[in-house]
Amino acid sequence: MRLDKDKLNELVILPDDELWKKIVEIGKSHGFSLPAKTPDHTELEKLRAVVRDGGKINVASAMKILSKYRGN
């Protein structure tokens with residue numbers, strides 16, 4: 001999977017509710033089912049930290065966070 005860092009940087013600055021809607025939409029397009037309810041701000045900040053500018057993108061960490069939320 002190829003990730004576009006510029007697109008990710010655009011996503012992380014979105015407000016929590018808009019960011020979550022995008023995450024759900026992207027997940028759905030790849031066969032993942034996520035709850036429609038926006039997670040707590042702290043959980044979304046964890047996701048943002050995984051992909052924030054210039055940092056090494058850690059897809060495994062992002063998936064772990066999403067899986068944890070999906071299980072709750």
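Helices here are DSSP runs of H or I with at least four residues, strands are runs of E with at least two, and both are numbered from the N terminus. The expected span of a helix is 1.5 Å times one less than its number of residues. The model is predicted: local features need pLDDT of at least 70, side-chain atom pairs count only at pLDDT 80 or more, and totals for chains, interfaces and linings use all residues. Residues are numbered from 1 along each chain as its sequence is written, and side-chain values use heavy atoms, with hydrogens and water left out.

The chain contains 4 helices and 0 strands. Along the sequence the pattern reads α-α-α-α. Of its 72 residues, 29% count as buried. Buried means under 20% relative accessible area, exposed means over 50%, and partly exposed lies in between (1.4 Å probe, protein chains only). Contact means heavy atoms within 4.5 Å. Among contacts with a separation of 6 or more, 52% join residues 24 or more positions apart.

Helix 2 has 14 residues. From first C-alpha to last, helix 2 reaches 20 Å, close to the 20 Å expected at 1.5 Å a residue. Its buried residues are Asp16, Leu19, Trp20, Ile23 and Gly27. Viewed down the axis of helix 2, these fall within an arc of 95°, so they line one face. The arc is taken from the directions from the helix axis to the C-beta atoms. Lys21, Glu25, Lys28 and Ser29 are exposed on the other side of helix 2. The cover over the buried residues of helix 2 includes helix 1, helix 3 and helix 4. Just after helix 2, Gly31 has a positive phi of about 85°.

In helix 3, the buried set is Glu43, Leu44, Leu47, Arg48, Val50 and Val51. Down the axis of helix 3 they fall within an arc of 155°, so they line one face of the helix. Thr42 and Ala49 are exposed on the other side of helix 3. The buried residues of helix 3 pack against helix 1 (5–12), helix 2 and helix 4. His41 also belongs to helix 3. His41 is partly exposed, at a relative accessible area of 45%. Neighbours within four places in sequence aside, His41 contacts Asp16 and Arg48. The C-alpha atoms of His41 and Pro15 are separated by 9.6 Å, with the two residues 26 apart along the chain.

Helix 4 (residues 59–71) has 13 residues and spans 18 Å between its first and last C-alpha, close to the 18 Å expected at 1.5 Å a residue. Ala62, Ile65, Leu66 and Tyr69 of helix 4 are buried. They fall within an arc of 95° about the axis of helix 4, so they line one face. The face of helix 4 turned away from the buried side carries exposed Ala60, Lys64, Lys68 and Gly71. Helix 2 (16–29) and helix 3 (41–51) are among the elements covering the buried residues of helix 4.

The structure holds 1 cavity of 30 Å³ or more. On a 1 Å grid over the protein atoms alone, a cavity is a set of points where a 1.4 Å probe fits but cannot get out, and lining residues have an atom within 4 Å of a point. Grid points are joined across faces, edges and corners, and volume is the space filled by probe spheres set on the points. The largest cavity holds about 30 Å³ of space. Its lining consists of Trp20, Pro39, Glu43, Leu44, Leu47, Ile65 and Tyr69. Helix 3 supplies the largest share of this lining, 3 residues. By class, the lining has 6 nonpolar, no polar and 1 charged residues. Ala, Val, Leu, Ile, Met, Phe, Trp, Tyr, Cys and Pro count as nonpolar, Asp, Glu, Lys and Arg as charged, and the others, Gly among them, as polar.

Notes. On a 1 Å grid over the protein atoms alone, a cavity is a set of points where a 1.4 Å probe fits but cannot get out, and a pocket is an open set with protein on both sides within 12 Å along at least five of seven lines; lining residues have an atom within 4 Å of a point.
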